[in-house]
Amino acid sequence: MSKARPTIAEVARRAGVSPATVSRVLNGTARVSQEKVRAVLQAVEELGYAPSPLAQGLATGRSYAVGILLSDFASPFFGPILEALTLELEATPYRPIAVPGHWSLVRELEALEFLKAHRVEALVLLGTALDGEALGELGIPVLAFGQRVEGPKAWSLCLDNQKAAYEATRYLIDRGHTRIVHISSHRGGMDVRERLLGYRKAMREAGLEARVVYGDLEEEGGYRAAAEAFRRYPDTTALFAANDQTAFGARLYLYEQGLRVPEDVSLMGFDDIALSAYQIPPLTTVRQPIQDIGIALGRALRAVLAGEVPTLPRLELRLVERASVREVGA
């Protein structure tokens, strides 16, 4: 059993002063004799006393809380980002309050009101649909990933999804695929829309028909979208999914239809979540540096909480070739 945290009353008894004097010494809120200051500081060191952030917050009017709004707790993409981000806070007095928006703008707005009510001192957005109008009057620093936010206290970590999707589509075209379906989604934010734009640009430049169906960025939606793709475009030779979870669902549909990957249909994802390398066959996909994203957001958050201007790195997306895409004849 772990030892209980020393209390301010125990510090006061050890120092031979009142709890109010201990509080004044630690907060520097009133003049206290040097003798009492030394006694209190010695007692603090001997007992290993650390004031609780909650108690400090009550005394100073601060919450020491950071709001994190994300689309879904169960997401295998955002989960590792959230973990890396919150680990960066462990050495600070701040603690996160994370709330899911469940892919719904209405729920995201409700979650934002909840976080405002808890007086969070900064806000991190992970792939939400919130816009500047919803965020404009917060008055606290805002960090965003997967969308762009503007304002004197707003910073965005944006990756070039359009370029990455363009290059991924070109990769399929260069391997002889001309009948490529992109599974996009009306869910998600700017990053998903940019992937669609990159796909359309590559198809247009190659003089090919853009074929688009929509899922929900989850496995079940990928399954349904693949079924729609082959109902509308039965001659499809390649599926390019907006994220890996969508690709996993599409893979199950192909299996149930007796279509082999990649012999009959090539399959490509986006994100490179941990399970992508363990699919059958291993999934060719676009890698997002998930761990680096979380660390970068965490470090930027620490900077803004310290009153500094954060520096957000330029992170690159890159294609990871595995075994789910094959070359076909012209």
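Over how many bridges do strand S4 and S5 pair, and in which sense, parallel or antiparallel?

A: This is a predicted model. Strand S4 (residues 142-145) pairs with S5 over 4 bridges, in the parallel sense.

Helix H6 (residues 105-117) lies across strand S1 (65-70), S2 and strand S3 (123-126). H6 runs at about 155° to S2.

Now the sheet as a whole. The sheet is open and has 5 strands, in the order S2-S1-S3-S4-S5, with parallel pairing. Strand S2 (95-100) and strand S5 (154-157) each have a single partner strand, so one side of each is left without a neighbour in the sheet. On average, neighbouring strands are turned by 20° against each other, direction ignored.

Next, the cores. The largest nonpolar core has 67 residues. Ile81, Leu126, Phe145, Leu239, Phe240 and Leu301 touch the most other members. H12 gives the largest share of this core, 8 residues. Domain 2 (65-159 + 290-315) and domain 3 (161-287) both contribute residues, so this core lies between them.

Take Ile81 in detail. Leaving aside neighbours within four places in sequence, Ile81 is in contact with Leu126, Phe145, Ile290, Ile293, Gly294 and Leu297. A second, separate core has 17 residues, among them Val99, Val120, Leu123 and Val142.

Note on methods
Residues are numbered from 1 along each chain as its sequence is written. This is a predicted model: local features need pLDDT of at least 70, side-chain atom pairs count only at pLDDT 80 or more; totals for chains, interfaces and linings use all residues. Side-chain values use heavy atoms; hydrogens and water are left out. Two strands pair if DSSP finds at least two bridges between them. Helices (H or I, at least four residues) and strands (E, at least two) are DSSP runs, numbered from the N terminus. Axes are lines fitted to C-alpha atoms, for helices over the stretch in contact, and angles run from 0 to 180 degrees between N-to-C directions. Contact means heavy atoms within 4.5 Å. A nonpolar core is a set of buried Ala, Val, Leu, Ile, Met, Phe, Trp, Tyr and Cys residues joined through side-chain atoms within 4.5 Å. Buried means under 20% relative accessible area, exposed over 50%, partly exposed in between (1.4 Å probe, protein chains only). Domain bounds come from an automatic or database domain assignment.
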